[in-house]
Amino acid sequence: MNSKPCILVTGGTGFIGSHTAVALLQAGFETVIIDNLSNSYHEVIDRIDTITGTRPAFHRVDMRDDQSLNEIFSLHQFDAVIHFAALKAVSDSVDQPLLYYHNNLVSLLNLINACMQHKTDKLVFSSSCTVYGQPEQLPVTENTPVQKPHSPYGNTKKISEEILRDCSAASLLNVISLRYFNPCGAHDTGLIGEFPIGKPNNLMPVITQTAAGIIPQFEIFGNNYNTPDGSCIRDYIHISDLADAHVKALERLIRKQNDSCFEVFNVGTGTGISVLEMVNAFERLTGIKLKHTISGRRAGDIEQIWADTSKAENVLGWKAKLTLDDMILTAWKWQQQLTQKTVYTK
Ligand code: NAD
Ligand code: UFG
């Protein structure tokens with residue numbers, strides 16, 4: 001192994017991948033990014049360079065193309081991979097299931113194949129709390145049963161975990177699957193953040209774009225749920241904390257500290273926040289009144305979920321440090337920076 005372990009970050013110009021690339025470079029890892037830029041921009045590499053003082057190697061590759069992917073593995077000797085690259089819009093996946101299955105699953109299969117051929121046996125996978133559906137008991141632990149997914153996107157996460165579990169059982173790979181709760185916020189420099197192409201679906205970019213006047217008003221999807229204020233509850237986690245969880249997972253694999261060849265960790269804060277609480281907190285912190293209406297429930301939404309994070313704390317040695325205020329303030333700083341300067345070109 002190199003003195004500096006070399007990590008392949010797939011989907012590394014995307015939201016979570018770019019913050020993780022920063023965390024990896026700052027933790028002393030050599031970092032190689034691949035992305036097809038279908039949902040991100042090349043300029044992110046410049047931003048990572050500005051933040052860290054190190055320019056990660058970047059290759060524009062579509063992971064569905066196994067030959068191109070193998071060429072990247074021939075150029076670098078990877079000690080481990082973090083696999084972010086995927087399509088992630090839940091409602092799009094309902095309209096275009098084949099695109100989602102093809103993109104997310106073929107990319108994963110090609111990646112596992114390339115890992116086999118080039119003797120890279122450590123992989124961190126981007127999973128999601130969506131695999132739990134609406135759990136009967138809260139908070140959810142890693143032993144909470146996985147349920148039938150609500151969308152083709154969710155199903156790609158469930159199937160991907162099954163593929164990885166089977167490959168690791170056959171001694172092909174050591175895998176840590178991180179089940180993210182709701183990532184939001186942005187890097188504290190305001191240089192990288194979430195950049196949804198087209199109309200955003202997730203609550204935080206919807207809120208910040210409304211505050212910026214890009215969206216005239218937004219809908220709160222339902223206030224008649226069985227929750228204290230009637231709106232849905234999620235476990236929002238700051239993107240920089242989430243990035244750090246990847247560094248911890250990677251270190252565990254590289255140091256061969258994993259107890260089994262397939263491990264799962266919930267990555268959340270352990271605190272449930274309702275939509276109305278989020279809106280009120282944003283208004284309190286920024287002084288901006290958010291124009292919104294209360295509309296009907298959004299199809300496929302679960303009522304409430306938050307994580308039991310004790311496994312990540314006790315086993316991985318990771319715990320979220322940043323607060324809801326940090327999530328809101330960094331997301332707002334990022335939005336203002338986007339509105340004032342803009343920025344990225346294809
Ligand atoms: P993102 O869209 O910002 O990043 C994903 C990146 O993958 C994009 O840059 C995109 O261009 C790239 N990509 C997609 N298909 C590709 C392909 N075939 N070849 C090469 N590159 C490809 O999304 P994100 O929010 O950073 O999510 C990263 C991962 O985390 C995804 O796997 C997503 O499903 C998972 N996840 C995200 C959330 C969330 O709320 N953001 C929650 C749970 C899990
Ligand atoms: N919401 C609104 N109005 C909006 C957008 C969202 O009221 O305009 C509400 C939703 O109804 C939900 C909450 O805000 O109650 C959070 O919604 P998001 O769309 O931000 O997040 P989800 O929990 O629905 O899903 C997200 C990702 C999924 C991922 C999941 C778990 O979109 O890909 O978190 O990680 F699987």
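Which element gives the most to the shell around ligand 2? Keep that in mind as you set up the view.

This is a predicted model, in which local features need pLDDT of at least 70, side-chain atom pairs count only at pLDDT 80 or more, and totals for chains, interfaces and linings use all residues. Residues are numbered from 1 along each chain as its sequence is written, chains are lettered from A and ligands numbered from 1 in the order in which they are written, and side-chain values use heavy atoms, with hydrogens and water left out.

**Stop 1: ligand 2**

Select ligand 2 and the 22 residues around it, of which Ser-128, Phe-181, Glu-219, Arg-234 and Asp-301 come nearest. A residue belongs here if one of its heavy atoms lies within 4 Å of the ligand. The answer to the opening question is β8, with 3 residues. Helices here are DSSP runs of H or I with at least four residues, strands are runs of E with at least two, and both are numbered from the N terminus.

Now show the polar contacts (pairs of N or O atoms within 3.5 Å; within protein, one must be able to donate a hydrogen and the other to accept it, and residues adjacent in sequence count only if both atoms are side-chain atoms). Asp-301 places a polar side-chain atom 2.5 Å from an oxygen atom of ligand 2. For Asn-182, an N or O atom of the side chain is 2.9 Å from a ligand 2 oxygen, and for Arg-298 the distance from a side-chain N or O atom to an oxygen of ligand 2 is 2.9 Å. On its own, ligand 2 has 690 Å² of accessible area, and the protein covers 88% of that; such areas come from the Shrake-Rupley method with a 1.4 Å probe, and for residues only the protein chains shown count as cover.

Two elements give two or more residues to this shell: α7 and β8 (218-221).

**Stop 2: α7**

Colour α7 next. It is largely enclosed by the rest of the structure, because 9 of its 9 residues are buried, meaning under 20% relative accessible area, with exposed over 50% and partly exposed in between (1.4 Å probe, protein chains only). Among them are Leu-203, Ile-207 and Ala-211. Just after α7, look for Gly-213, with a positive phi of about 85°.

**Stop 3: ligand 1**

Move to ligand 1, which is surrounded by 28 residues, the closest being Ile-16, Asp-35, Asn-39, Ser-40 and Tyr-153. A side-chain N or O atom of Asp-62 is 3.1 Å from a nitrogen atom of ligand 1. Lys-88 has a side-chain N or O atom 2.8 Å from an oxygen of ligand 1, and a polar side-chain atom of Lys-157 is 2.8 Å from an oxygen atom of this ligand. Of the 820 Å² of accessible area that ligand 1 has on its own, the protein covers 95%. Elements giving two or more residues to the shell are α1 (15-26), α5 (97-117), β5 (122-128) and α6 (152-169); β5 has the largest share, with 3 residues.

**Stop 4: charges over rings**

Select Arg-297 and Tyr-225: the charged end of Arg-297 sits over the Tyr-225 ring, 3.9 Å from its centre. Then pick Lys-311, which lies over the face of Phe-265, 4.7 Å from the ring centre. The rule asks for NZ of Lys or CZ of Arg within 6 Å of the ring centre and within 35 degrees of the ring normal.
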